[in-house]
Amino acid sequence: MSSNSTADNLCAPDDNLCIVKEHLQAVIIVPTLLLLGTLVTLLALLLLRYCPERKQTRIAAIQRYHTSSHRHTQRHSHRHHLQGIDAPAGINPLEHEELPMSIQHVQQNVRPTLTAVPQMSTERHHGAFSQITAMPVSFSIKPNDTATLHRARMDNRNVILRVLKETANSSEKQHFLGFASFMSGLGSHPFLPELLGVVSAQSPLTMVMEELQHRDLLGYLWRCRKDNVGLESPCEMTEKRIFTMAGQVASALEYLHSQSCIHGNIGARSVLVGGDLTAKLWGLGSAYRRRTQANSPGEVGDMEMRKWQAPEVLSRRVFSHSSDVWSFGVLLYEMATLGDPPFAQIMATELLQHLQRGKHLKRPTTCSNSLYSIIRGCCHWRPDQRPTMPELIRQLQSGEKSANGRTVLRVPEPIDIENYLREAGYGEAFNYAVL
């Protein structure tokens with residue numbers, strides 16, 4: 001018998017309330033339960049479908065940072081006595097932990113922004129790193145507390161690992177990866193240090209750079225001051241070598257200008273020297289900060305940079321191609337004096353007034369007329385009177401042809417670090433630690 005017949009038998013024909021109660025379970029409750037079950041099933045399917053994709057998206061976003069892999073295999077620095085294992089936290093070769101490292105090609109002439117980083121990458125494992133040893137900083141008043149430096153071997157070559165400390169906050173991590181993206185976006189050049197990889201998929205974040213055996217040019221010049229007879233590779237800085245190395249730095253600087261990048265921090269501290277005495281321009285951290293902090297007043301307030309800056313930078317903080325040329329002239333002075341501080345007798349806070357009175361860098365005793373004329377031309381008070389980078393490169397090439405390549409420059413006194421820091425207004429070691 002149907003439910004309708006049963007309800008009719010139990011209820012009077014005109015008792016609507018009784019009829020509704022009898023049909024409640026069949027008409028309302030059961031369909032409602034079926035609808036709820038369907039909704040729960042659909043929700044579970046949606047979660048299973050989309051949650052893994054979100055996780056993969058987050059991982060992919062972290063791994064988008066990359067490096068240029070245009071290798072210059074003909075130039076390798078050689079260090080034959082790497083000993084011991086002093087690995088940073090999170091990188092222990094004895095544990096065989098896998099550390100993905102992105103290596104990929106970068107198009108030149110692409111403006112280096114975080115969104116411009118290619119998303120294809122080649123993963124490497126931690127077995128690529130061996131012989132990891134701590135790398136001390138030359139000297140430092142304001143040490144870099146966010147990163148540590150280590151030497152290592154990778155693909156049969158010496159590399160430098162710059163490892164972000166575990167205590168770094170999110171802003172420091174963003175800066176670290178942003179600088180890696182900035183460097184890769186600049187592209188490859190024979191006289192810029194090669195960025196070989198970035199470990200970004202897990203902590204600790206690590207940048208992998210080629211190692212240049214003699215490290216920063218400033219320290220190399222200081223070693224050339226002393227009698228280095230008996231060393232494996234004695235320093236032999238001649239005027240011809242100055243022209244050669246300066247031409248390499250100028251070539252890198254011209255390339256940076258073509259990429260709409262003003263260096264703003266040129267000096268012997270920001271040049272690295274390879275085992276074959278190839279000079280490569282480094283110290284691009286200030287250029288990256290100016291690009292990412294366009295409205296910031298700049299870093300010229302730091303005393304250690306003032307004596308290398310052009311008058312318009314000291315007075316108005318206006319960086320330009322011409323202000324880089326001025327700093328390049330000061331770099332030539334450093335090379336000619338084997339690392340003397342520029343304007344040694346002038347306080348950094350009084351330098352602008354000193355230049356306004358028409359004063360200039362004095363001619364070093366070992367400096368030829370041709371080299372000193374280039375220094376004076378680069379350090380002309382008026383920016384429009386300084387040579388352009390193509391003109392400067394031509395002058396250096398011409399000077400190299402006639403320069404003395406036999407007489408080795410020597411300064412009998414070793415450098416006094418404390419005195420140098422005071423005279424240069426210098427407060428921080430600029431090498432691989434400063435990015």
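Reader: How do E4 and E5 pair up?

Author: This is a predicted model, and in it strand E4 (residues 195–199) pairs with E5 in the antiparallel sense, over four bridges. Val 198 stands opposite Met 207 in E5.

Reader: And what joins E4 to E5?

Author: A hairpin, through six residues.

Reader: OK, what about E3 and E5, which sense do they pair in?

Author: Antiparallel, with five bridges between strand E3 (residues 157–164) and E5. Leu 161 has Val 208 as its bridge partner in E5, and Ile 160 stands opposite Met 209.

Reader: Is E5 enclosed or open, and why?

Author: Strand E5 (residues 206–210) is largely enclosed by the rest of the structure, because five of its five residues are buried.

Reader: Which way do the E5 residues point?

Author: Thr 206, Val 208 and Glu 210 go one way, while Met 207 and Met 209 go the other, and all of them are buried. As background, side chains in a regular strand alternate between the two faces of the sheet.

Reader: How many E3 residues are buried?

Author: Eight of eight, so to speak a mostly covered strand, by the 20% relative accessible area limit for buried. Arg 157, Val 159, Leu 161 and Val 163 point one way from E3. Asn 158, Ile 160, Arg 162 and Leu 164 point the other way, and all of these E3 residues are buried.

Reader: What does E2 do with E3?

Author: Strand E2 (residues 147–154) runs antiparallel to E3, and eight bridges join the two.

Reader: What's in the hairpin of E2 and E3?

Author: Two residues lie between the strands, and Asp 155 takes a positive phi near 55° in that hairpin.

Reader: Switching to the cores. Which residues have the most contacts inside the largest nonpolar one?

Author: Leu 217, Met 237, Leu 284, Phe 328 and Leu 331, in a core of 85 residues. Helix H5 (residues 239–258) gives this core its largest share, ten residues. Apart from that core lies another, of seven residues, including Val 159, Leu 161, Leu 196 and Val 208.

Reader: Back to Leu 284, what does it touch?

Author: Leaving out residues up to four places away in sequence, Leu 284 touches Phe 179, Phe 182, Met 183, Leu 186, Leu 256, Cys 261 and His 263.

Reader: Then H6. Which of its residues are buried, and what do they pack against?

Author: In helix H6 (residues 285–292) the buried ones are Gly 285, Ser 286, Ala 287, Tyr 288 and Arg 290. The buried residues of H6 pack against helix H3 (170–186).

Reader: While we're on H3: is Ala 180 buried or exposed?

Author: Ala 180, which sits in helix H3, counts as buried because its relative accessibility is 0%. The C-alpha atoms of Ala 180 and Leu 195 are separated by 8.1 Å, with the two residues 15 apart along the chain.

Reader: Now the outside. Which residues form the nonpolar patch on the surface?

Author: Ile 28, Ile 29, Leu 33, Leu 35, Leu 36, Leu 39, Leu 42 and Leu 45, with about 770 Å² of accessible area together. Leu 36 has its place in helix H2 (residues 16–62).

Reader: Last bit, the overall numbers. How many helices and strands?

Author: The protein has 13 helices and eight strands. Of its 435 residues, 47% are buried.

Reader: What share of contacts comes from residues 24 or more positions apart?

Author: Those account for 73% of the protein's contacts with a separation of 6 or more.

Technical notes
Residues are numbered from 1 along each chain as its sequence is written. This is a predicted model: local features need pLDDT of at least 70, side-chain atom pairs count only at pLDDT 80 or more; totals for chains, interfaces and linings use all residues. Side-chain values use heavy atoms; hydrogens and water are left out. Buried means under 20% relative accessible area, exposed over 50%, partly exposed in between (1.4 Å probe, protein chains only). Two strands pair if DSSP finds at least two bridges between them. Patches are made of residues with over 30% relative accessible area and no salt bridge: like charges are joined within 9 Å, nonpolar side chains (Val, Leu, Ile, Met, Phe, Trp, Tyr) within 5 Å. Accessible areas come from the Shrake-Rupley method with a 1.4 Å probe; for residues, only the protein chains shown count as cover. A salt bridge is a side-chain nitrogen of Lys or Arg within 4 Å of a carboxyl oxygen of Asp or Glu. Contact means heavy atoms within 4.5 Å. A nonpolar core is a set of buried Ala, Val, Leu, Ile, Met, Phe, Trp, Tyr and Cys residues joined through side-chain atoms within 4.5 Å.
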